[in-house]
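Trainee: Can we go through this one together? I'd like to start with the terms.

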Amino acid sequence: MEKRGTFGSKLAIILTTAGSAVGLGNIWRFPFMTGQNGGAAFIVIYLGCVLILGIPGMISEFIVGRHSQSNAARAYGNVGFRKARYIGYLGILTSTIILGFYAVVAGWCLQYLFASIAGQLNGDTNYILEYFKTFSSDPIRPCLWAVGFIFITHFVVTQGVEKGIERASKLLMPLLLLILVVLVIASCLLPGASRGIEFLLKPDFSKVSSGVFLEALGQAFFSLSLGTACLCTYASYFKKDTNLLKSATQIALLDSFIAILAGLMIFPAAFSVGVQPDSGPSLIFITLPNVFRQAFESMPIVGFVISILFYALLVFAALTSTISMHEIGTAFFHEELRLPRNKATWILTLVCSFIAIFCSLSVGANPNLQLFGMPLMDFCDFITAQIMLPAGAFFTSILIGWMVEQQLVKQEFDNGGTLKTNFFHAYMFSVKYIVPLCILLIFLHQFHII
Ligand code: PHE
């Protein structure tokens, strides 16, 4: 059998898995979700979900993946229960749908990258608003960008794990952090920015409605790439001495830190230029060009360079996430259906391109493309983030907490006894009771059953 690659170094593991986690989920979805759900109180609930449910959930996926070192479906089927492979199938389906609509937004980022290079984003707030509307309702351009993005992903995935992903992550992830910090400072210095900071940091729990919990849970899982079997697929390339608890904690903290930075970059600016915090998916696309223009008014060249760098890094962050989504399906078709890797990659690319085109049209040129009263794009977002991801994480916890032999779990958790750790029992308690119960309660609460 063909030898599977493993990640080169400890740093590469963290960066590559963090590369999957950090993406549009942090910089695009987190701010608009926070804006629609009242600000700071949402963030508190979100952070609670990351710490209490996210970290144990990540460890569980890591355990499944590293134990069997194979694609998601086989990995789930390999921990003692063949039927558990359906959790893997669910993850593969989820990540394929996510890749479809995610590519639409990634395509918007590509358009904004080229628009900022061409100097097309210079204008007042109304101009920038109109620019977004005109572009996103065009029947052709956004579809082309989205499909183009999937093709770029395709290209990287065909280059294999080590060559394609590792190298770029090492350089570009730290650069993204740096640019974010610069933009946070620029945004917070705009006139009237303090109201945005307050919106983010002063929780008002009276605004928390029943839906907020599921939205926060969905956002936490989406952002951590949890529940899609993506972490499981990446963990299948981990080394036997990778510390799973430490890796999960580091990635979750880094991911949340970046999301909060993104919030601090968007909201002070949004309040300063009078953009509504709850303006939805277009929020970053109508707020940020204002930051580039106004914050760097006296040094337009700096604003110009920073805007290009920002969109380039955003595209890169999105790419490291789409690669992980693509890799799940590719590894599955290649290893399970025994298709040549090349063919497997193409199947995924074509299916996702198809979803992307319809999603793109549904929020632009053809608003009649609806399912259950939502534009197709919103429907795909809803069904994945709020139903399929929590379901994937729920079933994984039940599997690890109640079904798999505890010896196997412990073996993976402490690397066969070589790691000294006091957290195994806390982890087991959490996957047995806390994670499944919390997910269940949040579901029941959302659908008004309790
Ligand atoms: N976590 C990624 C982000 O925040 C999105 C993602 C979801 C990636 C599911 C893989 C699987 O952008």
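Mentor: Helices here are DSSP runs of H or I with at least four residues, strands are runs of E with at least two, and both are numbered from the N terminus. The model is predicted, so local features need pLDDT of at least 70 and side-chain atom pairs 80 or more, while totals for chains, interfaces and linings use all residues. Residues are numbered from 1 along each chain as its sequence is written, and side-chain values use heavy atoms, with hydrogens and water left out.

Trainee: Which helices each supply at least two residues of the lining of the largest cavity?

Mentor: They are α1, α2, α5, α10 and α14. A cavity is a set of points, on a 1 Å grid over the protein atoms alone, where a 1.4 Å probe fits but cannot get out; lining residues have an atom within 4 Å of a point.

Trainee: Which helix gives the most to that lining?

Mentor: α14 does, with 4 residues.

Trainee: How many residues line the largest cavity?

Mentor: The lining has 18 residues, and Phe222 and Met325 are among those nearest the centre.

Trainee: How much space lies in the largest cavity?

Mentor: About 130 Å³, where a volume is the space filled by probe spheres set on the grid points, joined across faces, edges and corners.

Trainee: Switching topic, where does the ligand sit?

Mentor: In the largest cavity, meaning that more than half of the ligand's atoms lie within 2 Å of the cavity's grid points.

Notes. On a 1 Å grid over the protein atoms alone, a cavity is a set of points where a 1.4 Å probe fits but cannot get out, and a pocket is an open set with protein on both sides within 12 Å along at least five of seven lines; lining residues have an atom within 4 Å of a point.
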